[in-house]
Amino acid sequence: MNTPALLPRFESRVVPVVVISDVAQAVPLAEALLDGGIDVIEVTLRSDVALRAIEAIARAVPGIQVGAGTVTRAAEVAQVIAAGARFGLSPGATPALLAAVTRHGLPFIPGVATASEAMAARDAGFDLLKCFPARELGGVELLRAWAGPLPGIRFCPTGGVSASDMGRYLALPNVAMVGGSWLTPAAALQVGDFAEITRLARAARAAG
């Protein structure tokens with residue numbers, strides 16, 4: 001039986017979650033994050049250029065681990081691998097999706113919203129899970145409550161996490177990292193203010 005592949009190594013405990021609508025932004029964005037000490041990025045499959053953006057980052061910025069986010073269909077697994085994604089993430093998990101990432105050997109962080117979903121993902125061999133949408137589900141208090149009955153499972157809370165509360169999440173023993181969009185604000189991307197993104201990345205790295 002195949003087992004899930006291991007995630008690539010990265011130092012940052014904050015994973016920037018970004019929607020890239022202009023592929024020309026991909027490389028300078030990744031470079032700005034790396035300049036700020038963030039060596040990982042989640043490019044979500046929420047735009048028509050997402051796969052091209054992943055490909056550009058993987059080719060031009062090898063110092064950053066590029067992940068494909070919002071992978072929700074089994075057919076997308078081969079596509080993100082071909083684009084150069086080094087891992088994937090999803091807001092949820094279906095048996096078909098988990099089977100596909102295992103079959104293709106894509107390191108993966110499946111999403112869960114309940115204890116039963118976390119247990120099912122664990123039984124499928126995944127012990128690092130995306131808690132989404134974290135804030136709406138109960139945030140820090142939910143993850144603290146899960147720590148006792150779900151030992152051995154670690155989480156990447158995403159959805160509503162911000163610079164002001166990331167520290168509370170990261171202090172929990174069952175939180176490996178957090179994901180958030182505040183490091184790559186749409187306003188900064190729109191005007192190409194990559195210096196602001198580097199500043200936000202430095203602040204997040206210092207806090208995390």
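Reader: What percentage of the 208 residues in the protein is buried?
Author: This is a predicted model, in which local features need pLDDT of at least 70, side-chain atom pairs count only at pLDDT 80 or more, and totals for chains, interfaces and linings use all residues. Residues are numbered from 1 along each chain as its sequence is written, and side-chain values use heavy atoms, without hydrogens and water. Buried means under 20% relative accessible area, exposed over 50%, and partly exposed in between (1.4 Å probe, protein chains only). By that cut-off, the buried part of the 208 residues is 50%.

Reader: What radius of gyration does the protein have, next to that of a compact globule?
Author: The radius is taken over C-alpha atoms, and the globule rule is 2.2 Å times the number of residues to the power 0.38. For 208 residues the rule gives a value near 17 Å, and the protein agrees with it at 16 Å.

Reader: Which residues touch the most other members of the largest nonpolar core?
Author: A nonpolar core is a set of buried Ala, Val, Leu, Ile, Met, Phe, Trp, Tyr and Cys residues joined through side-chain atoms within 4.5 Å. The largest one has 71 residues, and its largest share, six residues, comes from helix H2 (residues 50-60). Helices (H or I, at least four residues) and strands (E, at least two) are DSSP runs, numbered from the N terminus. The members with the most such neighbours are Ile20, Ile41, Val43, Ile57, Phe155 and Val178.

Reader: Which residue in S8 is the bridge partner of leucine 129?
Author: Strand S7 (residues 128-131) runs parallel to S8, and four bridges join them. For leucine 129, the bridge partner in S8 is phenylalanine 155.

Reader: What do the buried residues of H4 pack against?
Author: Helix H4 covers residues 95-104, and its buried residues are Leu97, Leu98, Ala100, Val101 and Thr102. Contact means heavy atoms within 4.5 Å. The packing partners of these H4 residues are helix H3 (74-83) and strand S5 (108-109).

Reader: How many disulfides are there by the sulfur distance rule?
Author: A disulfide is a pair of cysteine sulfur atoms within 2.5 Å. The closest cysteine sulfur to that of cysteine 131 is in cysteine 156, at 9.3 Å, which is too far for a bond. Cysteine 131 is buried at 1% relative accessibility, and cysteine 156 is buried with a relative accessible area of 1%. The count of disulfides is zero.

Reader: Where is the proline that a cis peptide bond joins to phenylalanine 132?
Author: Most peptide bonds are trans. The bond between phenylalanine 132 and proline 133 is cis, with omega about -10°. Proline 133 lies in the loop between S7 and helix H6 (134-137).

Reader: What phi does threonine 70 have?
Author: Most residues other than glycine have a negative phi. Threonine 70 sits in the loop between strand S3 (65-69) and H3, and counts as buried at 17% relative accessibility. Although threonine 70 is not a glycine, its phi is positive, at about 55°.

Technical notes:
Two strands pair if DSSP finds at least two bridges between them.
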